[in-house]
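Open the model in your viewer and keep the selection panel at hand. The stops below are given in the order in which to select them.

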Amino acid sequence: MRLALLIFFMLFAFWACEKNTPPEEVARSYMQALAEFDVEGMVAASCPGLAQDIVAKQADIIFASENGMNLQVQELKYETVEKNKETAIVRMSGIASWNQENEEIDEQLHFVLFEGQWKLCEDFF
């Protein structure tokens, strides 16, 4: 019986470790939160240091939202180009629209596995 429980818990632990959201999906979530001026969503996708910076800039984010800033990110593509056990790099490319003006984006975003979840660890804007 103990062996069966041990195997069950080992399989559960393996499943839980494999369940984290891929870094390219975290990048997509972060950008969507940015486009929606969703500070909580941006913080959730960020490493602690970047999360602190975002919270510190919260007044600026709210000001931009209330003054008609518009960001469209639907045309962006995300691809994990490098990944190991603790870090990943996601290439974000395509067209972003800032207040109706298109801008070509081609950036590499750096992620770290933090407490079992991929987190964006740089402010690229």
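Select C121 first: this residue is partly exposed, at a relative accessible area of 31%. Here buried means under 20% relative accessible area, exposed over 50%, and partly exposed in between, with a 1.4 Å probe and protein chains only. The model is predicted, so local features need pLDDT of at least 70 and side-chain atom pairs count only at pLDDT 80 or more, while totals for chains, interfaces and linings use all residues. Residues are numbered from 1 along each chain as its sequence is written, and side-chain values use heavy atoms, with hydrogens and water left out.

A disulfide, meaning a pair of cysteine sulfur atoms within 2.5 Å, joins C47 to C121, with an S to S distance of 1.6 Å. The pair links distant parts of the chain, 74 residues apart: C47 is in the loop between α3 (39-44) and α4 (48-56), and C121 is in the segment after β5 (117-120). Helices (H or I, at least four residues) and strands (E, at least two) are DSSP runs, numbered from the N terminus. C47 is buried, at 8% relative accessible area. By the distance rule the count is one disulfide.

Next, go to two backbone stops. Most residues other than glycine have a negative phi.

- Select F37, in the loop between α2 (23-35) and α3. Its phi is positive, about 55°, although F37 is not a glycine. F37 is partly exposed, with a relative accessible area of 21%.
- Select N99, in the loop between β3 (87-98) and β4 (101-114). N99 is not a glycine either, and its phi is positive, near 50°. N99 counts as partly exposed at 38% relative accessibility.
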